[in-house]
Amino acid sequence: MGLPTVFVRLTGCPLRCTYCDTSYAFSGGERLALSEILKQVSAYNPRYVTVTGGEPLAQRDCWLLLKMLCDAGYSTSVETSGAIDIRQVDKRVSTVLDIKTPGSGEHERNLYQNLNFLKRKDQVKFVIIDRADYEWSRQFIADNELHGKFEILFSPVHGELDPAEMAKWILADNLQVRMQIQLHKYLWGDERGR
Ligand code: SF4
């Protein structure tokens, strides 16, 4: 977070989280050959590239796109909802895996076996809408002994949960998680493509 990064946003998502802020990515977009995506990415001369959505892994060729980005030398990450098997993701890619909380309305879509295929450098992310979500996430981390295995991210839903309030809960519990806010919202509001 905070590093200059090119985002490749793929159209479509099989989920419908209550707090989704990228519903514009459910449809539309532009059909591009993988080579064209690589060309457009290279125009930014980036070091970091993130493939996101929607749910990027729902697109058949996403695995290949991730491999091509790694082969091109970019430090590549993918953001995924956690509802799709991640085994085909290239090992060089950093995976940011959501664990959907009850507040998302989609927590029954979590494919929990994905946790077995994460690497040490990967991240598990909880998007938290209220205190009940926070408690659920804390319990999930304890039940699944996630501490120390991967970096754990807690992100409050923008406009729903006051980040300062969530920070207070984390400090009171001395919870070893990294708090993350949606920096682009603070910088650019809801502007698309940012
Ligand atoms: S998985 Fe992401 S893109 Fe899909 S509905 Fe949920 S928040 Fe939106």
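Predicted model: local features only at pLDDT ≥ 70, side-chain atom pairs only at ≥ 80, totals over all residues.
Residues are numbered from 1 along each chain as its sequence is written, and side-chain values use heavy atoms, with hydrogens and water left out. Local features need pLDDT of at least 70 and side-chain atom pairs count only at pLDDT 80 or more, whereas totals for chains, interfaces and linings use all residues.

Seven strands form an open sheet in the order E1-E2-E3-E4-E5-E6-E7, with parallel pairing. Strands are DSSP runs (E, at least two residues), as are helices (H or I, at least four), numbered from the N terminus; two strands pair if DSSP finds at least two bridges between them. Strand E1 (5-9) and strand E7 (178-179) are at the edges, each with a single partner strand, so one side of each has no neighbour in the sheet. Strand E3 (residues 75-80) runs parallel to strand E4 (residues 94-98) and is joined to E4 by four bridges. Glu79 stands opposite Val96 in E4.

The axes of helix H1 (residues 34-42) and helix H2 (residues 62-71) come within 10 Å and cross at roughly 40°. Axes are lines fitted to C-alpha atoms, for helices over the stretch in contact, with angles running from 0 to 180 degrees between N-to-C directions. The contact (heavy atoms within 4.5 Å) involves Leu34, Ser35, Ile37, Leu38 and Val41 of H1 and Leu64, Leu65, Met68 and Leu69 of H2.

The residues around the ligand (a heavy atom within 4 Å) are Cys13, Leu15, Arg16, Cys17, Cys20, Thr22, Phe26, Gly54, Ser81 and Lys100.
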